Amino acid sequence: MEAFGRAARLKCPACGRASVFEGPFRRRHVCPACGATFEREEGYFVGAVSINLVATELVILSVYLGTLLTVGYDERLILFVLLPLALLFPVAFYHFSWSAWLAFDNFFEALPRHKPRRRDPPC
């Protein structure tokens, strides 16, 4: 469960010392502190995209139901609130969805350690 706390802080789920991201929307492939590999194979990102999609849908549904209960059915108001939310929330949640996916993956199967390539000695 400690890995999920680290994920909330956008830190490596294996060691918690280094950030998962180098900059805005630039993920690291390997943790510089412990060598955990953040991206194993092609298509590994599907889990993070799924988490982002489900979280976005839950937030939109919650806001929609809250709007219906407080304001009533006002089509323009609902569209005015939900459209920007549907466009901005996935972008804002991007980092957290990746970090949560890494923590989830680390929970079930420890992230593999990066092994630097050995250079052959010169002949």
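These legends accompany close-up views of a predicted model.

Residues are numbered from 1 along each chain as its sequence is written.

**Figure 1. Overall fold of the chain, with four helices and two strands.** Along the sequence the pattern reads α-β-β-α-α-α. Helices (H or I, at least four residues) and strands (E, at least two) are DSSP runs, numbered from the N terminus. The C-alpha trace spans about 75 × 30 × 20 Å along its principal axes. The radius of gyration is 19 Å, whereas a compact globule of 123 residues would have one near 14 Å. This radius is taken over C-alpha atoms, and the globule rule is 2.2 Å times the number of residues to the power 0.38. Buried residues make up 29% of the 123 residues. Buried means under 20% relative accessible area, exposed over 50%, and partly exposed in between (1.4 Å probe, protein chains only).

Figure 2. pLDDT is the predictor's confidence in each residue, from 0 to 100. Among the elements, helix α2 (residues 46–70) has the highest mean, 92. Helix α1 (residues 2–8) has the lowest, 83. Where pLDDT is low, the predicted coordinates should not be read in detail.

**Figure 3. The stacked pair of Trp 101 and Phe 104.** The structure holds eight aromatic pairs. In this one, the ring centres are 5.8 Å apart and the planes stand at 25 degrees, so the pair is stacked. Rings of Phe, Tyr and Trp (its six-membered ring) pair if their centres lie within 6.5 Å; planes under 30 degrees apart count as stacked, over 60 as edge-to-face and the rest as tilted. Both residues lie in helix α4 (residues 94–108), three residues apart, about one turn of the helix. Trp 101 is buried, at 18% relative accessible area. Phe 104 is partly exposed, at 38%.

**Figure 4. The edge-to-face pair of Phe 107 and Phe 108.** Here the ring centres are 5.1 Å apart and the planes stand at 85 degrees, so the pair is edge-to-face. Phe 107 is partly exposed, with a relative accessible area of 45%. Phe 108 counts as exposed because its relative accessibility is 59%.

**Figure 5. Arg 27 over the face of Trp 98.** Arg 27 lies 3.9 Å from the ring centre. A charge sits over a ring if NZ of Lys or CZ of Arg is within 6 Å of the ring centre and within 35 degrees of the ring normal.

**Figure 6. Contacts of Pro 90 and Asn 52.** Pro 90 is found in helix α3 (residues 75–92). Pro 90 counts as partly exposed, at 22% relative accessibility. Not counting residues up to four places away in sequence, Pro 90 touches Asn 52, Thr 56 and Leu 85. Contact means heavy atoms within 4.5 Å. Asn 52 sits in helix α2 and is buried, with a relative accessible area of 10%. Leaving aside neighbours within four places in sequence, the contacts of Asn 52 are Pro 90, Phe 93, Tyr 94 and Ser 97.

Key: Predicted model: local features only at pLDDT ≥ 70, side-chain atom pairs only at ≥ 80, totals over all residues. Heavy atoms only, no water.
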